[in-house]
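I opened the notebook to record what I looked up, one topic at a time.

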Amino acid sequence: QIMIDPRDRDQALRCIPLMLKQESALTVRPDSAVQLRLGDSVLFCGDRTARRRMIATVSNQNTLAYVTGRRPTGWLAGLFTRGAADTAPN
């Protein structure tokens, strides 16, 4: 899912995975559906825009949450994902 454009989840970034390293195993041209684990390394080929947007995705937990369809975290994100009654002071 890191190959999804964080500006539009319906669009893929213009990049392809060339190699995946998981522990000591190397996979050439891994399937884009492979689940990444902490510590994995992926070599991509793509344009500058894809690089910038992928860095934005993996560097910000709320951007990653948006791309993966999960609920963003944090107080400010909560204002946008819950109703006003849930966030109103008592």
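**Hairpin and strands.** I looked at the hairpin of β1 and β2 and found 2 residues between the strands, with E23 taking a positive phi near 55°. The model is predicted, so I noted that local features need pLDDT of at least 70 and side-chain atom pairs pLDDT 80 or more, while totals for chains, interfaces and linings use all residues. Residues are numbered from 1 along each chain as its sequence is written, and side-chain values use heavy atoms, with hydrogens and water left out.

I checked what the element names stand for: strands (E, at least two residues) and helices (H or I, at least four) are DSSP runs, numbered from the N terminus. Two strands pair if DSSP finds at least two bridges between them. β1 pairs with β2 (residues 25-28) in the antiparallel sense, over 4 bridges. Within this pairing, L20 stands opposite T27 in β2. β1 also runs antiparallel to β3, and 6 bridges join them. I16 has C45 in β3 as its bridge partner.

**Salt bridges.** How many salt bridges does a search of the whole structure find? I got 2, counting a side-chain nitrogen of Lys or Arg within 4 Å of a carboxyl oxygen of Asp or Glu. Side chains of opposite charge can pair when their charged atoms come close.

I took R53 and D5 to begin with; their closest N and O atoms are 2.8 Å apart. R53 lies in helix α1 (residues 48-59) and D5 in the segment before β1, so this pair ties together parts that are 48 residues apart in sequence. I then asked whether each partner is buried (under 20% relative accessible area), exposed (over 50%) or partly exposed (in between), using a 1.4 Å probe and protein chains only. D5 is buried at 9%, and R53 is partly exposed at 21%.

I turned to R14 and D47, where the closest N and O atoms are 3.2 Å apart. R14 is in the segment before β1 and D47 in the loop between β3 and α1, 33 residues apart. R14 counts as exposed, at 66% relative accessibility, and D47 as partly exposed, at 26%.

**Pockets.** I read how a pocket is defined: on a 1 Å grid over the protein atoms alone, an open set of points where a 1.4 Å probe fits, with protein on both sides within 12 Å along at least five of seven lines; lining residues have an atom within 4 Å of a point. A volume is the space filled by probe spheres set on the points, which are joined across faces, edges and corners.

The largest pocket holds about 360 Å³ of space. I listed 17 lining residues, with Q1, I2, V34, Q35 and L36 nearest the centre. β1 (15-22), β3 (41-46) and α2 (61-68) each supply at least two residues of this lining.

The second largest pocket holds about 170 Å³. Its lining includes I2, L36 and F44.
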